[in-house]
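Dear colleague,

A short account of the findings follows it.

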Amino acid sequence: MMYPFMTLNHGTEIVHSDMQSDGRVKVYIEKPDEKCCFRHATCWLPEYEWEDIYEFAEKEIDRYQEIIRSTAHLIMEFSQEGGFENASGF
């Protein structure tokens, strides 16, 4: 299951998975693009291991890395509680 986490400017969405049995969490970034439909990338926590990067420049990935690093504690917590909505009681 993937849970919404954050929407950035220009429609970039960041979502995350449930925590897997090995303690890893998949963070998926997707941004609409007129040319290629969607740009996307996956970052695995807690290692910050990037894969499946499509149409993002290195500078953009660096920016997303900063965002994920600064919120990783929340993502890891929410991944164990069924996303933000379940964790917050909304």
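In what follows, a residue is called buried under 20% relative accessible area, exposed over 50% and partly exposed in between, with a 1.4 Å probe and protein chains only. This is a predicted model, in which local features need pLDDT of at least 70 and side-chain atom pairs count only at pLDDT 80 or more, while totals for chains, interfaces and linings use all residues. Residues are numbered from 1 along each chain as its sequence is written, and side-chain values use heavy atoms, without hydrogens and water.

The protein contains 2 helices and 5 strands, arranged along the sequence as β-β-β-β-β-α-α. Helices (H or I, at least four residues) and strands (E, at least two) are DSSP runs, numbered from the N terminus. Of the 90 residues, 43% are buried. The C-alpha trace spans about 40 × 30 × 20 Å along its principal axes.

The whole structure holds 2 aromatic pairs; rings of Phe, Tyr and Trp (its six-membered ring) pair if their centres lie within 6.5 Å, and planes under 30 degrees apart count as stacked, over 60 as edge-to-face and the rest as tilted. Phe 5 and Phe 78 form a tilted pair, at 6.2 Å centre to centre with 55° between the planes. Because Phe 5 belongs to strand E1 (residues 2–7) and Phe 78 to helix H1 (residues 58–79), this pair ties together parts 73 residues apart in sequence. Both Phe 5 and Phe 78 are buried.

Phe 56 and Tyr 64 form an edge-to-face pair, at 5.3 Å centre to centre with 75° between the planes. Phe 56 counts as buried at 9% relative accessibility, and Tyr 64 is buried with a relative accessible area of 2%.

Yours sincerely
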